[in-house]
Structures are given as structure tokens and as C-alpha cells.
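Please read this briefing with the sequence and the 3D view open beside you, and look for each element as it is named.

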Number of protein chains: 2
Amino acid sequence: MSLLVVGSVALDTIQTPAGEVEEVLGGSATYFSFSARFFNKPHVVAVVGDDFPKEYVNLMNQHGVNLDGLEFEGGKTFRWSGVYPMDFGDPETLNTELNVFMDFNPKLPESYRDSKYIFLANIDPELQLDVLNQVDEPAIIGADTMNYWIENRRKELLTLLKKIDILFLNELEARMLTGEENLLRAARSIIALGPKHLILKRGQYGVMMLGENSFFVTPAYFLERVVDPTGAGDSFAGAFMGHLARKKKIDDNTYRQAVVYGAITASFTVEDFSVNKLVSIGTNDIESRLALFTQFTECRFP
Amino acid sequence: MSLLVVGSVALDTIQTPAGEVEEVLGGSATYFSFSARFFNKPHVVAVVGDDFPKEYVNLMNQHGVNLDGLEFEGGKTFRWSGVYPMDFGDPETLNTELNVFMDFNPKLPESYRDSKYIFLANIDPELQLDVLNQVDEPAIIGADTMNYWIENRRKELLTLLKKIDILFLNELEARMLTGEENLLRAARSIIALGPKHLILKRGQYGVMMLGENSFFVTPAYFLERVVDPTGAGDSFAGAFMGHLARKKKIDDNTYRQAVVYGAITASFTVEDFSVNKLVSIGTNDIESRLALFTQFTECRFP
């Protein structure tokens, strides 16, 4: 089943307590794809400028990312720079240059229109809706968003929520969207808005998933050394959607597995800058870490 | 096997986003005991003043708490008042009146000296050490502490750490004690200081336990309504130590079970002020919530 992601491909300049990098490969569609590839072939819809390094295009191709939907526009590639605090919490944005991303108007190549598994990364909800109109018969639609759209595109976002299967949010976003401080009540309110599943991303504390008839909570994989949290959420979504896309039969346990694969894959992402760690591992590394994770979370009752 | 707790019995005045109460039954030994009682009979060493309400003494007696070690001194009972922020995070202390607790010098009644399971709640490490000297042959010793002792009684605390089996800390305390920001590295450093197990309490995010040859992570039980987080940590410790004390054979899985029972029991504590919820439930309620928790955290891999 074909797996589609619409989002950003960017050049990131990042400082964390573990070091700093300049103009490295980043963006939501990038992190999604480099994680999803362990599970199912990702197809990218995004835009870059004519300054986008050829080596990054090659890197994506070499790692099985389909780039038929990557537009090259005259102008500069989207750039973001940020600095993370000592506790690797939310970064402070130093600079955002939207550049060619400002006029991003995603057009699906003909070959993408029969995609079944769709991930709408964090872009304007109006564009997310527009993408959905270009897909023939989607099977499962996931979407991300952020505080800016919750505040400034509320109407469009609420329309989108009625059309999607899975919403990925962090705790702050869930509270903003619902006005509920308690996360379980916030999650219930979100399900009432349309999505069949809410994935609540809690960073180093793990993930909570609420569905119409299911509830799942899992801790994150503990790391001895974090280098850069950038892209953790999109990596999570990539592995999550990729796991669903490779399964013939999808039930509640498949969703739970997808959450755990998401958390495991994201734990690799944050161990290095950019996609450096993700390109250095294989499926066996993910399975090994999953085995450890199972051991670390197991508790038997008679 | 007899279960001993040394700590405070107090009168708390508390404001939370869910309401407020005045001079209600509180204190570390109290919360510990009202949780431990579901698992094993708790024996309390503490001090109160002559103003301590008779009804609270009766309440403790009625709920199976042994008070042979509760001293009644002339003077006023220890009082604490605090206010919790909107997110039920760390409270701001409005007032602390140590009163009779200031000169607390725990003396074990003869009948307590053969206690096997010992919990040293958060008091001066010097007093914690003194209590240990009064126990004949302890089997398992747990201890709590706080930022004040880490800063001001470091030497005594380090001596204590060499003598105990289990240290209970929150994330901030683990970082303060070790100077390590990363919690896994902090936990390893703490094990190197002496305790066989570190229990890292992460509030609404659950618990991590590190032992010499074991590692366990679990989320907390999600609640739709929190009323008052006071006593959650001591309730956790009460159920944890109580579960160990009722088991004949203690292995790694017993420790994991103890963590889960601790988290489940603490989830009841925070649903009401003081021990109100804890006195309104029975063992069956704990087992029912455990069954739900198991369901909420289960994920099967082939």
C-alpha cells in the first residue's frame, strides 16, 4: 500500500547542549521518510529551492524515498534555526526563512493519487485539506499541526479533523485545541471533534493513544545520550504510519505496535543531528531495541 | 514480616485547582500507612502534639495502622500549608510549622526492633541512620529524601545510601544528587553510591526503576480528575514496600509488581484530599484498577 507524506524539506541550523550544526538536512517530510523507510516506501510531496544540495537528493534516493512529488522552485530552500535548552525541552527559534515554502501549493503527481496511507505533516490546514482532495481513495489519514494553526486557522483545522483518522499532537497543543488542562479530558474532546485516534506525544515521557474504543499508554525508550530532539515527532509519525501501511489487517493491537515502533524509531533520531543516525541503522537495530524495550517494560502478574 | 515507617504525621492546609482544605490529616508516615495497609500491616514511628485530633488517631487505628511508635508530645503538631499551580505541579509552600517535629528523635518501641521492612521517609539523614541502628536485622530498607538534605546533609546522606536497598527520588532530586542532567546517567551514578535499587518518581509520567541488573519503566495510571497530589510519593512507597513485605520470595518481577502497585495506589490518593479516597476503597478497587492498567499498557508482538 503506498505511503504518502506532505510536508517540509528544509535546511536546519541547530544548537543543542550536545553540539551544533549548520544547514543540515531537515524538515517534517524528511524525518518522516527516513523513519518510514524501515517499514514501507515513503512518497514525498514537498518543495525545495535551487540551492538545495544535490547530495541530499541523492541521500534520499539512496534510502528508498520516492521523490516524484518533490518540486524544485527557483529561489531558496526553507531554512530554520533554533537553540535547545539544557534539558532538551522546546527549542527557541532563532530564525525562520520560509523562502520557496511560503508559496508551497502541494500538487500530487498522477502516480501518487492512489496512495492509501497519507500523512499530512504540520502545514496550513487549508493545504492539508487541499491535498486530501487530490487523493482518490485514502485508507488511513494521519495529520500533525501546531499552536500557530490552532490559533489562526481554527475553522479550517476543525474541518480537517472531521476527515482524518489520526491526529498527532503534543500536550501543549492538545490543551490549546480544547481548553482542557487535564489531558485525558482533552483527548476525549479531541476524539469528539472527529479523529478516530489521538496520539499524544509526551517527548521523553512517551506516548498516550486514545481511540473510540481503545486506550494505550507507553513510556519512551530511555537514552543515555540525547544529541538533538529535532524531528522526533515526525520520525515517530513515519514509523507509525509505515507500520500500519505494511500490515494487511489493522486492529487495535496493530495501532499499539505502531506507537511502540514510532517511539523506538524516534529514539534513534534524537541520538544524532539530522538523519545521521537514521541512515546508519537497519531494521535489525530497530528490532533489537524493540526487544530491549519489551524487556524494560515487562511486568507479570499471576 | 513487619513493616515499619518513620516519618511525619501532620496537619495540612492545602489549596489546589480543585478546592481547598484546612488542617486535614497528612504527613509522610500517614500517606505511607494508609496505602501500605492494603498489602501489609504498617507500624508507625512519628510524633504529634497534644492538639492532634483524637478522630485522626481513631481513623488510623480503624484502618489497621499500628501506632505503638506514635509519640504524643506537649506542644503543637507539625503543620504544612501549600498551594498547587494549575497544572498540579510542584506546590508553593505557604507555611511550615515544625512544632513538635523540630525535636523529633525517633525511638523504636521494643516491639518494633525486629521489623524487617523499613521505610525511612523524608527526614534528616542523621535521624534515618539513627533509626537503622535501632533495628535488629532489617531485610529491606527503603528511604526517601529531598533537596534540602541533599544540599545541607550531603555527608550523612551519602553514609545512609551505603546502608539502604532502595532510594526513592524525583527527577529534580536525582539531578541534584549527582549533577547529571541525563536521568539514566544520574540513576547509574546513584546505584554506584550504594542503593541496590533507585526508584525515580516522575509524577503523572510514571516511574523508572534501576537496579544493579534490572531496569523497568512504567507510565502512571491516567486520571480524568486530580484533586490533590499531596502524598502521592509516600503512597507509592507505602504500596511498594507493603507489596515486598507480603511476598515470601522477592525477585526482579516482584520489584516490578511493587512499582505498578505503588503507581496504582498513588493514583487513588490524588483523587481526593488527605486520605479520603484511600479510606473509601478496598483491595478489590486496587486490583480492578490494576486490571485496567494492564489492559491500557499491553502491546503484543508476534
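In chain B, nine strands form an open sheet with mixed pairing, in the order β5-β4-β1-β8-β9-β10-β11-β12-β13, where two strands count as paired if DSSP finds at least two bridges between them. The edge strands of this sheet are β5 (66-73) and β13 (214-218) of chain B, each of which pairs on one side only, and the twist from one strand to the next averages 15°. This is a predicted model, in which local features need pLDDT of at least 70 and side-chain atom pairs count only at pLDDT 80 or more, while totals for chains, interfaces and linings use all residues. Residues are numbered from 1 along each chain as its sequence is written, and chains are lettered from A and ligands numbered from 1 in the order in which they are written.

**Strands and helices of chain B**

- Strand β1 (residues 3-6) of chain B runs parallel to strand β4 (residues 42-49) of chain B, and 4 bridges join them; B:Val6 has B:Val45 as its bridge partner in β4(B).
- Helix α9 (residues 252-269) of chain B packs on the sheet, where it touches β11, β12 (207-211) and β13 of chain B, and its direction makes about 25° with that of β13(B).
- Helix α6 (residues 171-178) of chain B lies across β10 (166-170) and β11 (197-201) of chain B, running at about 110° to β10(B).
- Such angles run from 0 to 180 degrees between N-to-C directions, with axes fitted as lines to C-alpha atoms, for helices over the stretch in contact; helices (H or I, at least four residues) and strands (E, at least two) are DSSP runs numbered from the N terminus.

**The sheet of chain A**

- Chain A also has an open sheet of 9 strands with mixed pairing, in the order β5-β4-β1-β8-β9-β10-β11-β12-β13.
- At its edges stand β5 (66-73) and β13 of chain A, each with a single partner strand, so one side of each has no neighbour in the sheet.
- Strand β12 (residues 207-211) of chain A and β13(A) run antiparallel and are joined by 5 bridges; they form a hairpin with 2 residues between them, and A:Gly211 has A:Ser214 as its bridge partner in β13(A).
- Strands β9 (residues 140-144) and β10 (residues 166-170) of chain A run parallel and are joined by 3 bridges, with A:Phe168 in β10(A) as the bridge partner of A:Asp144.

**A helix and a residue of chain A**

- Of the 15 residues of α8(A), 14 are buried (20 or more other C-beta atoms within 10 Å of their own, with exposed meaning 12 or fewer, partly exposed in between, and C-beta atoms placed from the backbone), so this helix is largely enclosed by the rest of the structure.
- A:Arg289 is found in helix α10 of chain A and is partly exposed, with 17 other C-beta atoms within 10 Å.

**How the two chains meet**

- In chain A, 29 residues are in contact (C-beta atoms, placed from the backbone, within 7 Å) with 29 residues of chain B.
- On the side of chain A that touches chain B, α7 (183-192), β13 (214-218), α9 (252-269) and α10 (283-297) of chain A each supply at least two residues.
- All of the interface residues of chain A (100%) are also interface residues in chain B, so the copies meet through the same surface.

Key. Contact = placed C-beta atoms within 7 Å.
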